[in-house]
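Here are some notes to read alongside the model, written for someone meeting such a structure for the first time. Please keep the sequence and the 3D view open as you go through the points.

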Amino acid sequence: MKKRCDRNRKRSKRRAIYCPIHGCYLDSASRKYGIYADKVQHLQQHGVGKHTALMMIATQATVVLDGEWLEAFWCEQCQETNWYCVRKCDRTYQISVPAYELWQRAIGVINPEGNPTVGEFTRRNARMTGHSVAKQYKFVE
Ligand SMILES: [Zn+2]
């Protein structure tokens, strides 16, 4: 059951994505990086039924997930940029810290481990936010 919510009547350009720690708005600090699936289990993890998942993989080999992506956000209260996996459900967004495995399936983001392109990605990102992003990858360890 859904409750009608009139609290957020004022149109804001910001999406309703909040810091999981502070509950404040997060500012996007990157573009969206889509997530793909090339295994039936991957799709199942994202709530696709087994038969549908089997068919999708059989016909498309690689499926780009709908309404789910990786994106970096700046939190004013955390004073840092963090990466989250964003899932859009209706008009709300759920965010979670992306699992290591998810990074390997993100389109355009290369896992920092042993890939030469990530240095460039990190540098570009650091310039954009004015922050060192090295610590963003701490969960990889
Ligand atoms: Zn915060």
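1. Two strands are said to pair if DSSP finds at least two bridges between them, and the elements named below are DSSP runs numbered from the N terminus, with helices being H or I runs of at least four residues and strands being E runs of at least two. The model is predicted, so that local features need pLDDT of at least 70 and side-chain atom pairs count only at pLDDT 80 or more, while totals for chains, interfaces and linings use all residues. Residues are numbered from 1 along each chain as its sequence is written.

2. Taken as a whole, the chain holds 4 helices and 5 strands, and their order along the sequence is β-β-α-α-β-β-β-α-α.

3. How much of the chain is buried? A residue counts as buried if 20 or more other C-beta atoms, placed from the backbone, lie within 10 Å of its own, as exposed if there are 12 or fewer, and as partly exposed in between; by this rule, buried residues make up 16% of the 141 residues. Helix α2 (residues 50-60) lies largely in the open, because the number buried among its 11 residues is 1. Ala61, which follows α2, has a positive phi near 65°.

4. Cys19 sits in the segment before β1 (27-28), and Cys19 is partly exposed because 18 other C-beta atoms lie within 10 Å. Two residues are in contact if their C-beta atoms, placed from the backbone, lie within 7 Å; leaving aside neighbours within four places in sequence, Cys19 is in contact with Cys24, Leu26, Cys75, Gln77 and Cys78. The C-alpha atoms of Cys19 and Asn82 are separated by 9.6 Å, although these residues are 63 residues apart along the chain.

5. A last point concerns contacts across the whole chain: of those with a separation of 6 or more, 55% are between residues 24 or more positions apart.
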